[in-house]
Amino acid sequence: MSYKLIIIGCSLGGLSATKTLLAGISDDCMVPIILIQHREQKAEVSMDNVLTNMMQRYTKRQIEEAEDKTPLRLNHIYLAPADYHLLIERECVALSADEPVTYARPSIDVAFDSAARTYGSGVIGVILTGASRDGADGAASIEKRGGLIIVQDPLAAESNTLPKAALAATKNPKIMQLEEIGPYISNIVREGGASRASRATS
Amino acid sequence: MDPDSTTTVEQKDEIEAIEIDLLLDGIYRRYGYDFRKYASASIRRRIWKFAEQEKLATISAVQEAVLHEPSMMDRFVLSLTVNVTTMFRDPAFFLALRTEVIPILKTYPMIRIWDAGCATGEEAYSMAIVLKEEGIYDRCRIYATDMNEDVLRKAKTGIFPLSHMKEFTDNYIQSGGKNSFSEYYTAKYDYAIINQELRQNIIFAQHNLVTDKSFNEFNLVLIRNVLIYFNEELRGKVLDLLHESMASFGILALGKRESLKFSRLESAYEELDSAMKLYKRCA
């Protein structure tokens, strides 16, 4: 399987979980990473920068807050801005100011579902700690279209509502400890790239 | 036979994509509204939301209803285009407007402002308040346009639910407001009516960014959180239209997470305030 996109969803307590996850993804993992994290509704611009700056310390990849129509680049990390939904179009990010979905904007369901519809089986969806069920339906949508779903072990998650809901909504999720997820993803993305390369040369 | 048992998810997605294309083509041919180049992921969500509201099971059913019943089409346009907003949305933007844009506008004898995609008028009235407090409202004309006649009618009345005033007031204070917000409206029953003096220099008019042409030249164009609903090609076309409508050194204001990056206008504008997405025409 050749993977094209990694998308991560989390809410409460998500910041430290995200740092651990990002730190575990190796530098040669050449796919764009999208990060959907529930945030304060009224977060101001300066707050946004605080979040990206804080996370930037844990990865060499460039972290940026997504703007509308930002092209997806390999090796970059795109953070969903506060107060917008983030959707994935072919090769770029699209934002929407439509009403919150299950009280959330950005909504993990909206982002995951659009990623699934655009990249099908090329999507790896990761569900981390979360205090609402937003993200579970999106995970199901990715799985239905052949993508891979990884869920942080609910027993170890700071808030287990979302991981549990995601496990209930999917048939074949991988349950993992936070520290395992990054290395695992790096491996399967590399293998996908390698098999593609060998097909090209054969 | 249950179609679900034989149709795969991929096939369903493909059928849905065909249905959306047919629906938008049909609407264009029947009514002249052109949604064909809207950003596909969000228009898909809005079409389904409309289908659920109207209790229609498929997008083909939406097509049938919309083509045969003009009143259904009115509701469809409304649900596809209306963006819920507040007065002084993103207070920091209005603060930047006061400190960085108003001093430039003050140098002109007559000031023309275009609020494109004004919906129910919250932004136009917010602008009017800022201009009033800065002492240049009498020299300004605000052209507030939207493609949708229904929302324009509502905008023209200047009537908002009283329950919104708390949020409007909070935003107003954060945006650097100089007075008491309650001075700008009169409360009646459950509603608040914006003062007549704020309404007199606002011209609400129907204009479709996708199908209509440039109609004037402006010193300031506000188009916040509108271009996000268009695909890249259409965004480029609409930006060209705005550019044609821009006076020399005119100022363009985009939404907080929009930019001229990755557009062909990038080189014709300089950033006045990059965080607040204020651009000044330099070519």
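Select chain B, which is divided into domain 1 (3–81) and domain 2 (91–159 + 195–281). Please keep in mind throughout that this is a predicted model.

**First stop: the two domains**

Colour the two domains of chain B separately. Taken over C-alpha atoms, the centres of domain 1 of chain B and domain 2 of chain B are separated by 30 Å. Each side contributes to the contact between them: 11 residues come from domain 1 of chain B and 11 residues from domain 2 of chain B. Next, select helix 3 (40–53) and helix 5 (70–81) of chain B, the elements that give two or more residues to the side of domain 1 that touches domain 2. Which of these elements gives the most? It is helix 5 of chain B, with 4 residues. By residue type, this side of domain 1 of chain B divides into 4 nonpolar, 4 polar and 3 charged.

Now select residues 140–146 of chain B, which form strand 2. Is this strand mostly covered or mostly open? Strand 2 of chain B is mostly covered, as 6 of its 7 residues are buried.

Show the side chains of B:Trp114 and B:Tyr143; B:Trp114 stands opposite B:Tyr143, which belongs to strand 2. Then display helix 7 (residues 122–133) of chain B: together with strand 1 and strand 2 of chain B, this helix makes a right-handed β-α-β unit.

Strand 6 (residues 202–206) of chain B is the next selection. Strand 6 of chain B pairs with strand 2 of chain B, again in the parallel sense, over 5 bridges. Here B:Thr145 has B:Ala205 in strand 6 as its bridge partner.

Centre the view on B:Ala205, which lies in strand 6 of chain B. Why does B:Ala205 count as exposed? The reason is that B:Ala205 has 11 C-beta neighbours inside 10 Å, and a residue is exposed if that number is 12 or fewer. Leaving aside residues up to four places away in sequence, B:Ala205 touches B:Tyr143 and B:Thr145. Also select B:Glu149: B:Glu149 and B:Ala205 are 56 residues apart in sequence, and 8.3 Å apart in space from C-alpha to C-alpha.

**Last stop: the contact between the chains**

Finally, display chain A beside chain B. Their contact takes 21 residues from chain A and 19 residues from chain B. On chain A, select strand 5 (85–89), strand 6 (92–96) and helix 3 (108–119), each of which supplies at least two residues of the side that touches chain B. This side of chain A divides into 9 nonpolar, 2 polar and 10 charged residues.

How values were computed:
Residues are numbered from 1 along each chain as its sequence is written. Chains are lettered from A and ligands numbered from 1 in the order in which they are written. This is a predicted model: local features need pLDDT of at least 70, side-chain atom pairs count only at pLDDT 80 or more; totals for chains, interfaces and linings use all residues. A residue is buried if 20 or more other C-beta atoms lie within 10 Å of its own, exposed if 12 or fewer, and partly exposed in between; C-beta atoms are placed from the backbone. Two strands pair if DSSP finds at least two bridges between them. A crossover is right-handed if, with the strands pointing away from the viewer, the path from the first strand over the helix to the second runs clockwise. Two residues are in contact if their C-beta atoms, placed from the backbone, lie within 7 Å. Ala, Val, Leu, Ile, Met, Phe, Trp, Tyr, Cys and Pro count as nonpolar, Asp, Glu, Lys and Arg as charged, and the others, Gly among them, as polar. Domain bounds come from an automatic or database domain assignment.
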